Amino acid sequence: MLPNKRPENMDRITTLELANKFISEQIALVREQVGDKKVLLALSGGVDSSVVAALLIKAIGKNLVCVHVNHGLMRKGESEEVVEVFKNQLDANLIYIDATDRFLNLLEGVSEPERKRKIIGGEFIKVFDEEASKLSGISYLAQGTIYPDIIESDGVKAHHNVGGLPKDMEFELVEPVRLLFKDEVRVVGRALGLPSSMVDRQPFPGPGLGVRCLGAITRDRLHALRESDAILREEFDKAGLTSQIWQFFTVVPDFRTTGVKNGKRAYDWPVIIRAVNTVDAMVCTVPEISYTVLKKVTDRILHEVDGVCRVLYDLSPKPSATIEWE
């Protein structure tokens, strides 16, 4: 096991050369730790778990068992990308679970944000536990713990896969990036050949779109949220804003507003665009986005997303607003 304290003489991983050296060292350490035993990993598709998965595939190949749970609250194309990258390209031993109906049925009619979080987190644990119980010969549990997790939460990466992993899993941990900061993990990911869409992935809450589909989640509003978010990401990427803005996304509230579509009165949802810049997520500013870009995003959302008649831009900094709406 690696120590909890980052060695004072440890070089910051800022180049591919240093990243490749780190990868070689970790491959040797992982092989020494696990031998020919099997390792289980909850692969969310986020930066940390994706980098750990790619590294462990190099170290132990098929002895790594990855489980990806699609709770139906992922952004457009994310679960598909996990399958494409890890199963089709890296030939990972990947178990894909589409639990969309299971999660959305449990969330039906639930509007209180904290209760939604607990349902999503608790059900994730149940699904993962069920899948893990079907497997035999698992001796280790891999996690994408990084150094800030150790500092902030005494080494427990509770946010890594929505609600943490089952507490009764008595596996020894494998945490190859636990001494790295997030920017270093991204460099290692690039050295491992992971796509930029994974390596440079923006922060994404464990409950996923569940906290951006405000109030009680409905499938039609969730669809509008997923489609509008995809349009926003596509247009910001075209405008060169993806690398300039720390986080951006859309929100769809649980109320309707009057509008006009095809010459008739409509009663549809608004879509709210949220974008923030920050260093530590404690204080955030709102970037000034070109009106040309905002207009293009607005036009596309209004014409391409069913059930939407308004697009708004949230100008609220943190404080007093939080980054997420729920």
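**View 1. Helix α2 meets helix α7.** The axes of helix α2 (residues 47–60) and helix α7 (residues 182–191) come within 10 Å of each other and cross at roughly 40°. That angle makes α2 oblique to α7. The crossing is left-handed. From α2, the contact uses Val47, Asp48 and Val51. From α7, Lys182, Val185, Arg186, Val188 and Gly189 take part. Sorted by type, the residues of this contact are four nonpolar, one polar and three charged. As in every view here, the model is predicted.

**View 2. Helix α1 crosses helix α2.** Helix α1 covers residues 16–34. Its axis comes within 9 Å of the axis of α2, and the two cross at roughly 65°. This crossing is right-handed. On the α1 side, the contact is made by Phe22, Ile23, Gln26, Ile27, Val30, Arg31 and Val34. On the α2 side, Leu55, Leu56, Lys58, Ala59 and Ile60 meet them. The contact residues divide into nine nonpolar, one polar and two charged.

**View 3. Five strands form an open sheet.** Read across the sheet, the order is β3-β2-β1-β4-β5. The pairing is parallel. β3 (93–98) and β5 (172–174) are the edge strands, and each pairs on one side only. Neighbouring strands are turned against each other by 30° on average, direction ignored. Strands of a sheet pair through backbone hydrogen bonds, which can be parallel or antiparallel in arrangement.

**View 4. Strand β1 pairs with strand β4.** β1 takes in residues 38–42, and β4 takes in residues 138–142. The two strands run parallel and are joined by four bridges. Which residue of β4 is the bridge partner of leucine 41? The partner is alanine 142.

**View 5. Helices α4 and α5 cross.** Helix α4 spans residues 100–107, and helix α5 spans residues 113–133. Their axes come within 10 Å and cross at roughly 150°. The two helices are therefore roughly antiparallel to each other. The crossing of α4 and α5 is right-handed. Arg102, Phe103, Leu106 and Leu107 form the α4 side of the contact. Their partners in α5 are Lys116, Ile119, Ile120, Glu123, Phe124, Lys126, Val127 and Glu130. This contact has seven nonpolar residues, no polar ones and five charged ones.

**View 6. Two phenylalanine rings pair in α5.** The structure holds three aromatic pairs. One of them joins phenylalanine 124 and phenylalanine 128, with ring centres 6.4 Å apart. Are the rings stacked or edge-to-face? Their planes lie at 10°, so the pair is stacked. The two residues are four apart in helix α5, which means that about one helical turn separates them. Phenylalanine 124 also belongs to the contact with α4.

**View 7. Strands β7 and β8 form a hairpin.** β7 holds residues 257–261, and β8 holds residues 264–278. These strands run antiparallel, with five bridges joining them. Glycine 259 has alanine 266 of β8 as its bridge partner. Two residues lie between the strands of the hairpin. In this hairpin, asparagine 262 takes a positive phi near 55°.

Key
Residues numbered from 1 in each chain as written. Predicted model: local features only at pLDDT ≥ 70, side-chain atom pairs only at ≥ 80, totals over all residues. Heavy atoms only, no water. Axes fitted to C-alpha atoms, helices over the stretch in contact; angles between N-to-C directions. Parallel < 35°, antiparallel > 145°, perpendicular 65-115°, else oblique. Left-handed = near helix turned anticlockwise from the far one by under 90°. Contact = heavy atoms within 4.5 Å. Nonpolar A, V, L, I, M, F, W, Y, C, P; charged D, E, K, R; others polar. Pairing = 2+ DSSP bridges. Phe/Tyr/Trp six-rings, centres within 6.5 Å; stacked < 30°, edge-to-face > 60°.
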